[in-house]
Amino acid sequence: MLRVCLCVLLLGVPASAQVLQLSGGRSTLLGGTGGEITAFFPESTLSASAGFANGHFVFGASDTFKLHGLEITAGDRDFGYSFDGAGLGVSTRGLFVQRNTRHTSFAVFLGSTGIGYATPFMVTAKAQHIGAGFFLQRHFDNGLLLSSLAVIDGGKHTAIQGLSYRSHSLHLAGSAGLLQNQKYFTGEADYQPLRSLSFSATHNDFFLTDHLTANSVSAFAALGRITVQASLLDGQYRLLKTTGASAGASLRIGSITVRSNFYESNHRILLVHVVQEHFRRWAVSGIVNQLQGQTSYAFGGGYLGNKISVSLDHSVLFFPVSGKGFQQTTTVQVSLRIHDTALNFQTNIDPMMHVQYTTYASSYVQGPLAGAAMNSYSHRAGGKFVIGGSVVDEHGEPVEGAAIQLQGGAVVYSDSQGKFFARVKHDKPAALVVLVQEFAAPGRWVVTSCPANAAPGVDVLIRLRREIAP
Amino acid sequence: MKRVLSLLLLQFSFFGLAVSAQTLSPIIVECGKKCRGEFSITNNGLTSLAVTVEARSFSLDTLGHATNRPLDPTVELKLEEGSARISPKGTHTFGYQLKCSAPSCSVALLSSMVVGHTAEGMLVRVQLAHTVYSCEKQRDCRKKVRAAAGIRDD
């Protein structure tokens with residue numbers, strides 16, 4: 001009987017959900033491969049994840065719901081907060097409660113902690129130690145922000161206090177305490193006396209396998225189309241000390257930006273000259289690198305569209321851990337949206353200068369209780385010819401939200417005047433179909449007259465009759 | 001086990017459609033006599049959303065309240081798309097070209113969408129506006145239009 005009930009539970013929950021989200025992917029940066037299924041109900045969200053991380057099978061599940069203004073999660077969840085340069089993320093399995101108001105954010109968890117994976121496609125945790133955590137952040141009207149984080153993760157204790165102040169021209173932030181049993185301090189100061197002039201200084205402690213310290217001082221100024229910046233950096237990891245300096249200027253003329261930067265670290269000088277042109281959805285850049293007498297060329301750019309976005313970026317980053325100072329890095333990012341499915345691929349450079357990648361897909365499936373879901377028709381934009389017309393009801397009144405499919409799959413909707421249009425590339429008549437099941441307008445509709453074809457430049461008239469009022 | 005089944009039935013009994021906020025950005029842009037622009041709508045909901053875009057000219061009274069009217073003949077607007085279907089958690093960008101032959105033009109691009117329904121079954125329709133102020137010079141165009149309407153911003 002118990003098994004039957006569990007089967008009903010496992011099959012019934014996704015089947016009765018309004019919307020399901022299915023995700024799956026792989027990441028060398030996060031060290032895992034797996035997937036997740038999330039079922040959205042009006043009052044709660046259930047999710048289950050499974051996969052392999054570092055060669056081991058991992059799984060996770062959670063139920064998130066609201067109760068008396070509190071958001072409660074039972075199961076696996078990442079307890080991660082950062083403020084004023086400090087932060088900690090712990091994978092937890094247990095009970096998590098949080099509440100956010102205009103001035104206060106509050107979260108607490110009780111359960112177990114352990115190695116976990118919180119990725120866009122999989123959230124798992126492993127119960128290894130007894131754990132508990134507490135986070136409180138309070139905004140004051142005078143610009144003060146007070147933060148407090150306390151976590152017990154087995155034998156590792158964290159207790160950090162942060163305080164920041166922000167006024168019109170000044171931002172000061174600092175945090176200190178115990179981070180995983182190690183003393184910790186970070187500080188940051190930004191001063192912006194004018195809109196076009198700012199100064200910044202930071203000090204950070206990080207804990208990798210050993211203690212890492214990084215400091216920076218920088219200044220930035222903008223004068224019309226010209227911007228200039230300069231910075232000094234130094235870092236120490238174990239006994240390895242790395243210093244660096246950079247300076248640069250840029251000039252913007254219309255859609256073109258010309259930028260030259262000078263980087264010096266470990267007695268090596270790197271000069272990077274970039275010419276970048278921004279169109280509305282396109283950006284292209286040409287890069288010239290000069291390193292110790294050698295010149296190299298690179299090209300980058302990107303396209304940001306409704307269906308696809310692609311970018312190839314070159315940037316110079318400071319690597320104090322590997323002791324290599326300033327290094328040129330290249331990252332790639334591709335996002336593709338096909339109907340209700342999003343595909344993502346991106347590369348990252350880790351602190352040891354290794355290239356890592358993350359790729360995942362995520363899709364939404366409308367459940368039987370979500371109402372009449374729209375089918376997966378695609379839209380097309382562009383083309384110099386316009387096919388259009390208007391939609392009216394049996395009284396000659398305009399119908400808003402009528403869905404009309406043009407030959408080739410493009411679907412358009414009528415506006416409040418009953419008018420619709422689509423841009424097409426060819427000056428040829430296109431077949432026209434009214435999709436009554438796709439209407440955003442309420443009620444049940446019947447088509448009384450609709451031309452079979454519509455030619456560019458000639459308005460068509462579609463007549464409908466409402467059979468059942470909303 | 002009875003408790004588990006009870007909880008499950010309780011969850012199944014909430015069949016109303018969840019309504020999420022939708023977002024539009026940017027809300028306001030300023031441009032010269034001719035400009036190319038775009039705005040993005042993000043569907044924060046879990047179901048697909050049909051969005052239609054309509055253009056209106058508008059004028060402001062001294063309190064800053066806008067009155068919409070059909071697009072003035074001095075405004076030449078070319079929308080790339082008049083409607084779109086936005087997938088769950090997706091973002092769609094609408095592009096346009098605008099040409100203003102008057103000293104200044106104030107245009108609202110109104111995006112309409114049905115985002116859910118009330119408990120009584122009444123549909124909830126949301127209209128978000130992307131406002132374009134077009135003047136001889138881009139700088140302080142909105143301020144000039146508001147000053148011409150007798151609105152003091154200080």
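Two residues are in contact if their C-beta atoms, placed from the backbone, lie within 7 Å. By that definition, residues 24 or more positions apart account for 42% of the contacts in chain A with a separation of 6 or more.

The model is predicted: local features need pLDDT of at least 70, side-chain atom pairs count only at pLDDT 80 or more, and totals for chains, interfaces and linings use all residues. Residues are numbered from 1 along each chain as its sequence is written, while chains are lettered from A and ligands numbered from 1 in the order in which they are written.

**Chain A as a whole**

Chain A has one helix and 34 strands; helices (H or I, at least four residues) and strands (E, at least two) are DSSP runs, numbered from the N terminus. Along the principal axes, the C-alpha atoms of chain A fill a box of roughly 80 × 70 × 50 Å. Of its 470 residues, 26% count as buried. A residue is buried if 20 or more other C-beta atoms lie within 10 Å of its own, exposed if 12 or fewer, and partly exposed in between, with C-beta atoms placed from the backbone.

**A loop residue**

A:H339 sits in the loop between strand 24 (325–338) and strand 25 (341–349) of chain A. A:H339 counts as partly exposed because it has 17 C-beta neighbours inside 10 Å. Its C-alpha atom is separated by 15 Å from that of A:V19, 320 residues apart along the chain.

**Paired strands**

Two strands pair if DSSP finds at least two bridges between them. Two such pairs are set out below.

In chain A, strand 8 and strand 9 form a hairpin with two residues between them. Strand 9 (residues 122–125) is covered on both faces: A:M122 and A:T124 are buried on one side, and A:V123 and A:A125 are buried on the other.

In chain B, an open sheet of four strands has the order 1-3-8-6, with antiparallel pairing. Strand 1 (23–25) and strand 6 (75–79) of chain B stand at the edges with a single partner strand each, so one side of each is left without a neighbour in the sheet. From one strand to the next, the twist averages 25°, where axes are lines fitted to C-alpha atoms, for helices over the stretch in contact, and angles run from 0 to 180 degrees between N-to-C directions.
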